Amino acid sequence: MTPNIAPKSIRDDLKNRARMLVACPDQPGIVAAVSRFLFEHGANIVQSDQYTIDPQGGMFYIRIEFDLDNLDGRREQLKNDFAKVADQFSMDWSINRAGRKKRLAIFVSKEDHALLELLWQWQAGDLEAEIAMVISNHNDLRGLVESFGIAYHHIPVTADTKAEAERRQLELVMGQVDAVVLARYMQIISPKFIEHFANRIINIHHSFLPAFVGGKPYAQAHNRGVKIIGATAHYVTEELDGGPIIEQDVQRVSHRDNVDDLKRIGRHIERIVLARAVSWHVEDRVIVHGNKTVVFN
């Protein structure tokens with residue numbers, strides 16, 4: 001099979017477009033100050049979304065896309081100048097190039113459904129990212145991944161080799177990717193690894209937690225006669241499966257569905273939920289505040 005050619009890392013049609021994300025305590029004048037700043041620097045706002053938790057003492061969030069001639073040459077100065085506005089309103093903020101596709105490392109074990117959805121969307125041009133590599137603790141999916149022209153790294157993990165395996169993983173990803181996606185990677189990520197990619201590791205799992213923990217959650221759910229199953233995509237933190245939630249979805253099931261039916265339905269939900277979460281992350285649509293997210297989708 002002829003490998004597919006990876007999409008261009010820089011989109012020419014978006015080379016002068018940037019995305020600004022802002023979170024700060026709500027107070028009068030925030031939108032005016034940001035808009036005035038962009039106007040005075042010659043930028044044209046093409047999209048703006050905002051949300052406030054509570055106008056009286058709550059948090060305010062805004063996502064702005066804007067065009068600015070010669071963005072590459074002016075972005076650093078723009079960021080330096082905006083720091084003065086940010087300090088005035090105690091903002092957490094970022095300005096990112098919309099035209100530069102974020103680079104992803106996908107971690108996977110043996111199940112391929114979540115990985116395949118990302119590969120298909122990447123191949124179709126629906127995922128605005130570069131898949132730089134796939135890393136797995138098994139070799140089962142090498143042929144599949146390499147058929148897409150993507151590098152596949154097999155790093156076995158055992159209890160005795162886990163530290164060394166993670167060191168090799170970090171060597172591969174540090175400075176090479178913007179985010180890590182756990183597409184049904186059945187290993188716990190250490191705090192040291194998480195520290196390097198804070199709010200940049202996305203995980204997917206079924207939404208039976210905390211009711212059905214341990215092995216065979218679908219069998220447990222079937223035995224209890226559940227009527228709704230779902231999936232959750234979240235950022236990885238040191239709290240196992242407890243990081244800020246990016247996206248969730250559910251589907252109704254019934255007594256007619258056996259354990260295999262539940263697994264099949266669950267896989268479908270997982271692949272869609274993970275793909276949405278990754279897409280929103282790479283398009284700078286997610287603001288993390290504490291253990292929650294605001295998602296402008």
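How exposed is tyrosine 51, in relative accessibility? Hi everyone, let's start there. Tyrosine 51 comes out at 41% relative accessibility, which counts as partly exposed; that label sits between buried, under 20% relative accessible area, and exposed, over 50%, with a 1.4 Å probe and protein chains only.

A word on the source. This is a predicted model, so local features need pLDDT of at least 70 and side-chain atom pairs count only at pLDDT 80 or more, while totals for chains, interfaces and linings use all residues. Residues are numbered from 1 along each chain as its sequence is written, and side-chain values use heavy atoms, with hydrogens and water left out.

Back to the rings. Rings of Phe, Tyr and Trp (its six-membered ring) pair if their centres lie within 6.5 Å; planes under 30 degrees apart are stacked, over 60 edge-to-face, and the rest tilted. That rule gives six aromatic pairs. One of them joins tyrosine 51 and tyrosine 61, stacked at 6.4 Å centre to centre with 15° between the planes. Tyrosine 51 is in strand 2 and tyrosine 61 in strand 3, so this pair ties together parts 10 residues apart in sequence. Helices (H or I, at least four residues) and strands (E, at least two) are DSSP runs, numbered from the N terminus. Tyrosine 61, at 2% relative accessibility, counts as buried.

Next, phenylalanine 107 and phenylalanine 193: the ring centres are 5.9 Å apart and the planes at 75°, so this pair is edge-to-face. Since phenylalanine 107 lies in strand 5 and phenylalanine 193 in helix 6, the pair ties together parts that are 86 residues apart in sequence.

Now strand 5 and its partner. Strands pair if DSSP finds at least two bridges between them; strand 5 and strand 6 run parallel, joined by seven. Leucine 104 stands opposite isoleucine 131 in strand 6. In strand 6, eight of eight residues are buried.

Finally, the core. A nonpolar core is a set of buried Ala, Val, Leu, Ile, Met, Phe, Trp, Tyr and Cys residues joined through side-chain atoms within 4.5 Å. The largest has 44 residues, and Leu115, Ile229, Leu274 and Val278 have the most contacts inside it. Helix 8 gives the largest share of this core, 10 residues. Apart from this core lies another, of 23 residues, among them Phe37 and Leu78. Thanks, all!
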